[in-house]
Amino acid sequence: MARFNFEGGPPQLQDLVCPLTLTQNVVAWRWKIIILWHLSQRTRRFNELQRLLPRISKGILTRQLRELEEDGMVHREVYKEDPPKVEYSLTDLGKNFNSVLDAMKDLGTEFMKIKLEEHHNSTQNQQR
């Protein structure tokens, strides 16, 4: 779960009243934005998410999903089957974050174009 501190003096009050800080607390961990991105595409099972994120450990993925669930971004559906089936999807609150993910993707795409162009220009200058 995102760590909120609702006690104390002005620094903690800033965390409480700043919407950007609250949002950052929810998605700040390394994998959360990528998990939300994959869930924005469709409902996923745990093993599917683990395959999509090959460098994440099972424990970290479990913790990130639990925190996103506690923060109301992700819904965990357990089906009483043998073996048990668990699916993760975005809640309405999580779906509201899709516009942020789309904006981040657009900015990242633009950033990549600029960096590739800079690299291309640098390589051409070195060859001269």
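With which residue does Glu 67 form a salt bridge, the closest N and O atoms being 3.7 Å apart? The partner is Arg 63; a salt bridge here is a side-chain nitrogen of Lys or Arg within 4 Å of a carboxyl oxygen of Asp or Glu. This is a predicted model, in which local features need pLDDT of at least 70 and side-chain atom pairs count only at pLDDT 80 or more, while totals for chains, interfaces and linings use all residues. Residues are numbered from 1 along each chain as its sequence is written, and side-chain values use heavy atoms, with hydrogens and water left out.

Glu 67 and Arg 63 are four residues apart in helix α5, so about one helical turn separates them. Helices (H or I, at least four residues) and strands (E, at least two) are DSSP runs, numbered from the N terminus. Glu 67 also meets the side chain of Lys 32 in a salt bridge of 2.8 Å, N to O. Because Glu 67 lies in helix α5 (residues 58-70) and Lys 32 in helix α3, this pair ties together parts that are 35 residues apart in sequence.

Glu 67 counts as buried at 3%, and Lys 32 counts as buried at 0%. Arg 63, at 34%, counts as partly exposed.

Helix α3 (residues 32-41) leads on to the sheet, on which this helix packs, touching β1, β2 and β3; contact means heavy atoms within 4.5 Å. The direction of helix α3 makes about 95° with that of β3, where axes are lines fitted to C-alpha atoms, for helices over the stretch in contact, and angles run from 0 to 180 degrees between N-to-C directions. The sheet is open and has three strands in the order β1-β3-β2, with antiparallel pairing; two strands pair if DSSP finds at least two bridges between them. Its edge strands are β1 (44-45) and β2 (74-79), each pairing on one side only. Six bridges join β2 to the antiparallel strand β3 (residues 85-90).

Tyr 79 stands opposite Lys 85 in β3. Lys 85 lies over the face of Tyr 79, at 5.1 Å from the ring centre; the rule requires NZ of Lys or CZ of Arg within 6 Å of the ring centre and within 35 degrees of the ring normal. The side chain of Lys 85 also meets that of Glu 87 in a salt bridge (3.6 Å, N to O).

Notes
Buried means under 20% relative accessible area, exposed over 50%, partly exposed in between (1.4 Å probe, protein chains only).
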